[in-house]
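Thank you for asking me to look over this model. My notes are set out below as numbered points, for someone who is meeting the structure here.

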Amino acid sequence: GVVASLFGCYLCWAELVVTTGLVTGVLRAGAGGRLIMRLLAATSPDARGLVTEAGETVGQISVSGTLGFLIFAALPLALSASLAFAAVHRWLPDGRLTGAFFGLLLLIAASTRLEPLRATNPDFVLLGPAWAALLTFGLLVLAEGMAIAAFMGWYSRRLPLARRNRKVLARYALTGATLALTGPIGALVLALALAGAGVIALAGQIVPNLARWWLSNRVTTAGRVVLAGGALLALPGFVTAIGDILP
């Protein structure tokens, strides 16, 4: 019925969020973050042998360290960013600027409060120069935002609607199982995505005009005002954090 159809649509939405987060988390945030850390270790010879906040030794490359960074840092951040993009993308500029604006939003609103530009991170004292860390990690955040927008747009045009088909169901199940294996944060994102899909599908059934209201110009304008206002409110904190990192 209608509920099943709506649930299938929002299950596709959950699949988009999860797959985008996994792909960009591994290929962009994970690989890029690891390369930046190697670069900063090479430019900080005096820090060799010292222990970072994550308990890793500067200058040493280990499989456990790489997996730990991927599972506990890169993937959770990429999945969270993917979820955020799915929630706000309709209020971002259309076209090629979508990813750039989303990356800028991530940089201002999240990078200094979460990672990778958290001013309280003691690794900025160990590794330097500070301007190189700010530049490379800042570009990584921008690139992550652009990668999320590009991949989600590409995948959304190729993702089959969830239906009773073995191949399609297996595709969805594989993504869910992969996410669950990334750790408790990944499992939580999966649970929230599925629960949100069910709630939205049910709300669409109870309130028939919900979709029309959600797509109205009034909601579009209000969403853009909220995004712009949030970015402006976050800007002073971002500038302060950057100042704390720089010597």
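The points below go from the basis of the model to its helix packing, and then to a pocket and a peptide bond.

1. This is a predicted model, in which local features need pLDDT of at least 70 and side-chain atom pairs count only at pLDDT 80 or more, while totals for chains, interfaces and linings use all residues. Residues are numbered from 1 along each chain as its sequence is written, and side-chain values use heavy atoms, with hydrogens and water left out.

2. Helix α3 (residues 97–109) packs with α5 at an angle of about 135 degrees, their axes lying 7 Å apart; helices here are DSSP runs (H or I, at least four residues) numbered from the N terminus, and axes are lines fitted to C-alpha atoms over the stretch in contact, with angles from 0 to 180 degrees between N-to-C directions. The two helices are therefore oblique to each other, since angles under 35 degrees count as roughly parallel, over 145 as roughly antiparallel, 65 to 115 as roughly perpendicular and the rest as oblique.

3. Leu105, Leu107, Ile108 and Ala109 of α3 meet Leu227, Ala231, Ala234, Leu235 and Phe238 of α9, a contact of nine nonpolar, no polar and no charged residues.

4. The axes of α2 and α3 come within 11 Å and cross at roughly 120 degrees, which makes α2 oblique to α3. Here Ala81, Ala84, Phe85 and Val88 of α2 touch Thr98, Phe102 and Leu106 of α3, and these residues divide into six nonpolar, one polar and no charged.

5. How much space lies in the largest pocket? The volume is about 1100 Å³, a pocket being an open set of points on a 1 Å grid over the protein atoms alone, where a 1.4 Å probe fits, with protein on both sides within 12 Å along at least five of seven lines, and lining residues having an atom within 4 Å of a point. Of the 42 lining residues, the closest to the centre are Met37, Phe69, Ala73, Glu115 and Pro116. α2 gives the most to this lining, with twelve residues, and the lining as a whole divides into 24 nonpolar, eleven polar and seven charged residues.

6. The peptide bond from glutamate 115 to proline 116 is cis, with omega near 10 degrees, and proline 116 is found in the loop between α3 and α4.

Technical notes:
Grid points are joined across faces, edges and corners, and a volume is the space filled by probe spheres set on the points. Ala, Val, Leu, Ile, Met, Phe, Trp, Tyr, Cys and Pro count as nonpolar, Asp, Glu, Lys and Arg as charged, and the others, Gly among them, as polar. Contact means heavy atoms within 4.5 Å.
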